[in-house]
Amino acid sequence: MSAGLADYQSFGRANPGASQAIDIDEAEKLLAGGTARAGSLLAYGNGRSYGDSCQNSAGAVVDMRPRKRVLYFNAETGLIEAEAGVLLADIIAYAAPHGFFPAVVPGTQFVTLAGAIANDVHGKNHHRRGSFGCHVERLTLLRSDGRTYACSAAENARLFWATIGGMGLTGIILSAAIRLMRVPSLDIAETVKPFGSLGEYFDLAEAADRDNEYAVAWIDQMAGGKHAGRGLLLSGNHATYGARTAERGTAKLSVPFQPPLTLLNRPFLKLFNAAYGWRRGRLRESQASYHKFFFPLDGVADWNRLYGPSGLYQHQSVVPEGVARETIPALLAAARRAGQGSFLTVLKRFGSQRSPALLSFARPGYTLTLDFPNHGRRTLELLAELDRITVGAGGAVNPYKDARMSAETFAASFPDWQRLEAMRDPAFMSDFWARTAGRLGGRNGETAQAAE
């Protein structure tokens with residue numbers, strides 16, 4: 001074992017326990033020798049998943065972070081190949097001087113390349129670029145039959161599509177090649193536009209997507225009455241003139257210890273939302289660093305400690321565009337009725353570009369993200385209500401942000417889940433998959449479907 005339990009917790013810290021870990025060299029020996037037992041392994045990147053999709057309490061996780069070399073880069077085309085454990089932060093730093101940037105980035109740069117693929121992450125420009133999986137050219141995958149598979153749209157295609165968005169269940173991604181996006185600079189020419197209601201936001205959203213590479217809305221979730229649904233629409237494009245060298249420094253701020261209770265209570269959130277909305281709403285146009293625009297929370301080390309010793313639950317849903325004007329307000333109203341405040345409330349519009357992934361959360365419609373301190377049963381009851389509203393509207397709940405959704409909610413969100421189960425390597429399992437697909441009648445360790 002390479003480390004103790006605390007090093008391999010879920011980032012949300014709301015799910016009890018954590019996984020033991022083995023290093024990749026040991027895992028490779030088990031897989032190459034065909035001696036890995038059923039459900040005993042799961043690749044682990046940098047642990048930024050909020051729930052238990054990166055946990056395997058019945059077995060062990062495989063720490064992939066030591067495998068972090070860049071293997072190939074073409075400065076003309078932007079094609080980069082790297083080992084699984086390289087961080088997006090490292091890819092940004094490597095490619096920025098050549099005028100390239102990842103086509104899709106999530107809300108933190110401290111995720112691994114393989115983790116971004118396994119979760120098929122999305123960013124603020126889904127309307128232009130789709131999800132991360134849309135830009136994966138090829139990958140190499142090690143499975144429990146002892147074979148290493150070269151996977152692409154042309155070779156071992158079914159395994160390729162299952163691995164993208166497959167949450168690490170098809171084997172260990174050893175390396176991958178992705179195509180980066182050419183940009184004039186890393187900086188973002190940002191426009192901030194306040195809106196007074198969700199109806200006003202929906203009227204602005206499509207035009208913002210049409211005119212900008214990036215668009216995302218911050219919602220004042222605590223505001224009710226005539227101010228319900230107010231927020232800021234942040235849109236932007238890479239600036240013509242700006243930085244072409246990545247910032248490699250550590251976080252300027254930190255939460256140095258675990259407070260005994262959550263600091264993100266309702267009075268604090270009301271003050272924070274009012275101050276944030278006033279400050280950002282005054283900055284109508286500006287040039288922002290990529291850190292500030294894409295990864296604001298990366299500037300505060302261990303920020304998840306602010307939620308207290310019981311951790312946080314994040315709920316991310318997506319609902320079809322045709323019902324969004326009714327469903328998004330209903331989700332926010334449910335949280336207000338429950339008396340629970342969300343520190344980070346984000347609303348985005350997904351475009352029509354489909355992911356090649358067998359299972360992918362991002363799909364056409366609007367996606368709402370809410371963060372709640374874990375207050376036990378009453379928080380779980382709220383999350384179940386948010387699930388009910390989402391599924392009733394024909395939407396889906398994000399599995400790699402989840403720590404407690406029911407098997408039924410998962411099946412309604414991903415009706416094709418059995419296709420991934422058929423491609424799952426029997427040696428690989430996660431706590432998430434065990435409590436969802438496992439309860440729906442998964443294979444429970446039987447022979448996996450052939451790769452091709």
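In the predicted model, isoleucine 117 is in contact with Phe132, Val136, Leu139, Thr163, Ile164, Gly165, Ile173 and Ala176, when residues up to four places away in sequence are left out of the count. Isoleucine 117 is also listed, together with Phe101, Leu113, Phe132, Ile172, Phe294 and Trp433, among the residues with the most contacts inside the largest nonpolar core, which comprises 88 residues. Another core, of 29 residues, lies apart from this one and includes Leu198, Leu331, Leu368 and Ala403. In soluble globular proteins, nonpolar side chains tend to be buried together.

Phenylalanine 160 belongs to helix 5, which spans residues 157-163. With a relative accessible area of 3%, phenylalanine 160 is classed as buried, because that value falls under the 20% limit. Phenylalanine 160 and proline 356 are separated by 196 residues in sequence, yet their C-alpha atoms are 8.8 Å apart in space.

Helix 1, formed by residues 24-32, has Ile24, Ala27 and Leu31 as buried residues. Viewed down the helix axis, the buried residues of helix 1 fall within an arc of 60 degrees and therefore line one face of the helix. Lys29 and Ala32, on the other side of helix 1, are exposed. The packing partners of the buried residues of helix 1 are strand 1 (21-23), strand 2 (41-44), strand 3 (60-63), strand 7 (136-142) and strand 9 (172-179). At the start of the helix, a side-chain oxygen of aspartate 23 comes to within 3.3 Å of the backbone nitrogen of aspartate 25, and just after the helix, glycine 34 adopts a positive phi of about 70 degrees.

For the protein as a whole, 13 helices and 20 strands are assigned, and 59% of the 452 residues are buried. Of the contacts with a separation of 6 or more, 74% are accounted for by residues 24 or more positions apart. The protein exposes about 18000 Å², of which carbon and sulfur atoms supply 52%.

Definitions and conventions
Residues numbered from 1 in each chain as written. Predicted model: local features only at pLDDT ≥ 70, side-chain atom pairs only at ≥ 80, totals over all residues. Heavy atoms only, no water. Buried < 20%, exposed > 50% of the residue type's maximum accessible area, 1.4 Å probe, protein only. Helix = DSSP H or I, 4+ residues; strand = E, 2+ residues; numbered from the N terminus. Arc of directions from axis to C-beta. Contact = heavy atoms within 4.5 Å. Polar contact = N/O pair within 3.5 Å; in protein donor to acceptor, adjacent residues only side chain to side chain. Areas by Shrake-Rupley, 256 points an atom, 1.4 Å probe, with all protein chains shown as cover. Core = buried A, V, L, I, M, F, W, Y, C linked by side-chain atoms within 4.5 Å.
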